[in-house]
Amino acid sequence: MPSPTTPAAAALPDITTEADIQKLVDTFYDKVNQDELLGPVFNQIAQVHWAKHLPTMYDFWSSVLFGTMRYKGRPFPKHLPLPIEGEHFRRWLQLFYATVQENFAGPKAEEAKAKALNIASMFEYKMKTANSPLSIL
């Protein structure tokens, strides 16, 4: 049985600081880079420049979770040309949820998971309609 001082027994912190955002983003993208489905999309197809991308993601998630408004970009257009479908969004969410659950607990951690679901759902919907427009006529 774990002692009260082991990480398994200790309560996880909530996401409350910029350092927490950085830990979330770094840990998540470490998983993405090692993932058989997502890694090639990020590294071979999109050819993400990680040294530039990670600070952008810190700003993005700081804006989403803390309202800092540091992120000034438009994330969707960059994703539109990528060959990603439902399975990619599901895997992205699985990795994001796992990262949050392994490192954080609390209202802001739950908010992060909810925001990620909203982002993935909206991106998937927009990509489907952009690549195969609905025809109602």
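Author: Start with exposure. Buried means under 20% relative accessible area, exposed means over 50%, and partly exposed is in between. Keep in mind that this is a predicted model.

Reader: What makes Arg91 partly exposed?

Author: Its relative accessibility is 27%. The middle class runs between 20% and 50%. Arg91 therefore counts as partly exposed.

Reader: Why is Asp35 called buried?

Author: Asp35 has 10% relative accessibility. The limit for buried is under 20%, so Asp35 counts as buried.

Reader: How do you know that Arg91 and Asp35 form a salt bridge?

Author: The test is a side-chain nitrogen of Lys or Arg within 4 Å of a carboxyl oxygen of Asp or Glu. For Arg91 and Asp35 the N to O distance is 2.7 Å. The pair passes. Arg91 is in helix H5, and Asp35 is in the loop between H1 and H2. They are 56 residues apart, so the pair links distant parts of the chain.

Reader: What makes Glu102 and Lys31 a salt bridge?

Author: Their closest N and O atoms are 2.9 Å apart. The cut-off is 4 Å. Glu102 lies in helix H5 and Lys31 in helix H1, so this pair ties together parts 71 residues apart in sequence.

Reader: What is the sequence separation of Lys108 and Glu111?

Author: Three residues, about one turn of the helix. Both lie in helix H6.

Reader: How many salt bridges does a search of the whole structure find?

Author: Six. Glu18, Asp59 and Arg70 are linked in a network of salt bridges.

Reader: Why does Asp20 have no salt bridge?

Author: The nearest side chain of opposite charge is Lys23, 6.6 Å away. A salt bridge needs a nitrogen within 4 Å of a carboxyl oxygen. Asp20 therefore has none, and it is buried.

Reader: What does the side chain of Asp20 reach instead?

Author: The backbone nitrogen of Thr16, at 2.8 Å. The limit for a polar contact is 3.5 Å. Asp20 sits in helix H1, residues 18–34. Beyond four places in sequence, Asp20 is in contact with Asp14, Ile15 and Phe104.

Reader: Which residues touch the most other members of the largest nonpolar core?

Author: Ile15, Val25, Tyr29, Trp61, Trp92 and Phe96, out of 35 residues. Elements that give two or more residues to this core are H1, H2, H3, H5 and H6. In soluble globular proteins, nonpolar side chains tend to be buried together. Beyond four places in sequence, the contacts of Ile15 include Leu24, Leu65, Phe104 and Ala112.

Reader: What do the buried residues of H2 pack against?

Author: H1, H3 and H5. The buried residues in H2 are Leu38, Gly39, Val41 and Phe42. Pro40 also lies in H2. Its relative accessible area is 33%, so Pro40 is partly exposed. Leaving aside neighbours within four places, Pro40 is in contact with Asp35 and Ile45. Gln47 follows H2 and has a positive phi, near 50 degrees.

Reader: How many helices and strands are there?

Author: Six helices and zero strands. Buried residues make up 34% of the 137 residues. Of the contacts with a separation of 6 or more, 72% join residues 24 or more positions apart.

How values were computed: Residues numbered from 1 in each chain as written. Predicted model: local features only at pLDDT ≥ 70, side-chain atom pairs only at ≥ 80, totals over all residues. Heavy atoms only, no water. Helix = DSSP H or I, 4+ residues; strand = E, 2+ residues; numbered from the N terminus. Buried < 20%, exposed > 50% of the residue type's maximum accessible area, 1.4 Å probe, protein only. Lys, Arg positive; Asp, Glu negative; His and termini not counted. Polar contact = N/O pair within 3.5 Å; in protein donor to acceptor, adjacent residues only side chain to side chain. Contact = heavy atoms within 4.5 Å. Core = buried A, V, L, I, M, F, W, Y, C linked by side-chain atoms within 4.5 Å.
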